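Hello,

Here is the structure I promised to pass on to you. Have a look at it first, and then read my notes below.

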Protein chains: 2
Amino acid sequence: MEIIVQKYGGTSVANITKIKKIAQNIKKLINKKISPVVIVSAMAGETDKLLKLINSISLLPNEREYDQIISTGEKVSSSLLVMALNEINVKALSLDASKAKILTDNIHGKASIVSIGTKEIKKYLSKGFVVVIPGFQGINSNNDVTTLGRGGSDLSAVAIAGALKAERCELLKDDVDGIYTTDPRLYKKAKKINYISYQEMLEMSSLGSKVLQSKAVEMANQLNTKIYVKSTFSNKKKGTIVMDEKKIPLREKKVVSGITHDLKQAKISIIGIKDTPGIASKIFKPISESGIIVDMIVQNISTEGETDLTFTIPKEDLNKTFKILKENKSKLYYYKLIKDEKIALISIVGDGMKTHTGIATRMFTSLAKSKINISMISTSEIKISCVINKNLCKKAISSLHKEFGLG
Amino acid sequence: MEIIVQKYGGTSVANITKIKKIAQNIKKLINKKISPVVIVSAMAGETDKLLKLINSISLLPNEREYDQIISTGEKVSSSLLVMALNEINVKALSLDASKAKILTDNIHGKASIVSIGTKEIKKYLSKGFVVVIPGFQGINSNNDVTTLGRGGSDLSAVAIAGALKAERCELLKDDVDGIYTTDPRLYKKAKKINYISYQEMLEMSSLGSKVLQSKAVEMANQLNTKIYVKSTFSNKKKGTIVMDEKKIPLREKKVVSGITHDLKQAKISIIGIKDTPGIASKIFKPISESGIIVDMIVQNISTEGETDLTFTIPKEDLNKTFKILKENKSKLYYYKLIKDEKIALISIVGDGMKTHTGIATRMFTSLAKSKINISMISTSEIKISCVINKNLCKKAISSLHKEFGLG
């Protein structure tokens, strides 16, 4: 029994016409003797409609009831899909989180999957049923519904595919047909990537690529589940396969796989601060205690016992961070603060960096040739990120795309 | 612990403003040291919206999935009500059919309640929680959601009140504030009834009064649960109490309690049929086998071995019935068929008929005085029904309302 898990997002089930098309998609798998397990999101707009109702009652709603409400949308779309399958003579049934035994912890609204019981799912698969499961939700030990947070349906799909040891987990998208070397809306010559490793995908997700959520990629990596990112409605186009680096065919490997950009960061510089031990902790302790995530930090070489320190934070936290630093001025003894919202974080990602040298130099040279100034640099094993002027973002992408032969 | 079960219908929870008002209603009970169990319907329009989605996929949808879809609306409104209660500092939680242990049989879409486990509900009541339960649904032995059919939330409320031995079951309505002597839309002098017996209410429901469903009244009778029919939003007005006939205060008792009308019936006459044994069964067997419900039947006195036979059926089944009779003409040997859609079924209902005589005569005389011809008559222990011309319906109601002193 070859099992394939397919996950259809909200725009893919946005209306009855689309749901009927998906049913046809699934029938094709049946005809190939494949056992499909299908995870669906709520019809596009439904969850937002429910959130609006909730917010007009309470800004701090009861979390258990919150989950009970926002989990209903996926139940509706699951059962609608079963009906559409029945209409074209495909045996199918829906199993909710309680029946499919998707056990989570008790953190309502942001639950983590603890275990998945496969017995019930396999029972129906072996009887020739398509099993449809509402995404984004599980149950806790008290049998209360929990939800998994944003992008939770991808997570459901990967976890279920892993538990079932499925051949692969297909994440079908209505708006994109795979992972691209860079954002095609910013750079038209962006190319679809055939294969990408879990680590590369993780870096790309955390650096601004919005196609997959980090959590889902992490879980796929843990469970060694192959992810196919594909278009929902054009079956002909090959998508992108996210898998173990070691198993990717050699001919597909490039030093740099993709370029991401992130325009949601802001930069703060603290000028003229005393360069004494413990100063960094004094600065960042109150910031992190406020729940603000600091990404890059760069400290200048000290002159005459003074130095400058620059760091990036999410743009939405800029004012809050500024306020914290001002409140602590007496403790920090700095000269002044400078903020900059007009920055872009440009990153190149690739497993090849582990074995190839000189990649950073090529990146810096390429940007320099395009007259793009770099104000901050950060590196990890498989990525290099630079902070540049926001207005030069497109130009930087184009320059790097050519430099690393991604076209 | 005095328990009161309240049920709020779809128009009573149609929007957030109304839900907040209901929360205030419930808080008043808490302040009186009453333990409320609240049953809610789906927000008005929600169930129809879901039905529309279902019907655009399938005309004969999978019943299990159908129930899973149309049961979601009540879950949403239950949890919204809990949130609204929390906002005004009232402890509350929702218990779905599985948690509240509302066990039904396995007839999806029209399930009957088999048993209700009260342990979980009572546990939370004793801790001072308001328990909110989605109406209209239960679970079968397989733990699949089932729904109870039209008016199912009233049924849920009565069954839960009975199981909890609640003080009473309040059915709160947004559009009416009680049971009336006759339909106030047709006759402005209609008066609200303070007390009505289960049997009277059952007759009135089956004879065209739409305020309560027969099933809910039957169950209240079985469980001896007092029903209060009241207005949701005007607390000052007293509603109607439906209860055991023997316990109704004597001064409240009238010979006739109410007058109903039903305009949804049609009449068929079979003229010139052979008056032989078994002829009625030959006529009605194929009709009832088609699922058509025949209500009244009148057979004329036979002359020269021939007779006429008239009966009523729901107007929507008129053509179907006519077709069946025509197909069977060779077996039935009748002369001709006459149909009449312009009829009204007028009924008077009252426990007093059991002990008072001459009620029928008073009815016929009153109608005769108003020059209304009666074409069919049917009686039971506590009701008398007459078929008259549809256009004279209002006149008949007015005439009977005066005759029996209901004004």
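Predicted model: local features only at pLDDT ≥ 70, side-chain atom pairs only at ≥ 80, totals over all residues.

Let me start inside chain B. Helix α6 (residues 152-163) of chain B packs against helix α8 (residues 214-223) of chain B at an angle of about 5°, and their axes are 8 Å apart. Angles under 35 degrees count as roughly parallel, so α6(B) and α8(B) are roughly parallel to each other. On the α6(B) side the contact is made by Asp154(B), Leu155(B), Val158(B), Ala159(B) and Gly162(B), and on the α8(B) side by Lys215(B), Ala216(B), Met219(B), Ala220(B) and Leu223(B). By class, this contact has seven nonpolar, one polar and two charged residues.

Now for the two chains together. Their contact takes 24 residues from chain A and 23 residues from chain B. On the side of chain A that touches chain B, the elements giving two or more residues are α1 (16-31), α2 (46-55), α3 (63-70) and α4 (72-87). Of these, α4(A) gives the most, with 10 residues. That side of chain A divides into 13 nonpolar, eight polar and three charged residues.

How are the copies related? Chain A superposes on chain B by a rotation of 179° with 0.1 Å of shift along its axis (RMSD 0.2 Å), which is the relation of a two-fold axis. Among the residues of chain A, Thr72(A) comes closest to the rotation axis, at 2.9 Å (C-alpha). Because 96% of the interface residues of chain A are also interface residues in chain B, the copies meet through the same surface.

Best wishes

Notes:
Residues numbered from 1 in each chain as written. Chains lettered and ligands numbered in written order. Axes fitted to C-alpha atoms, helices over the stretch in contact; angles between N-to-C directions. Helix = DSSP H or I, 4+ residues; strand = E, 2+ residues; numbered from the N terminus. Parallel < 35°, antiparallel > 145°, perpendicular 65-115°, else oblique. Contact = placed C-beta atoms within 7 Å. Nonpolar A, V, L, I, M, F, W, Y, C, P; charged D, E, K, R; others polar. Least-squares fit on C-alpha atoms with pLDDT ≥ 70 in both.
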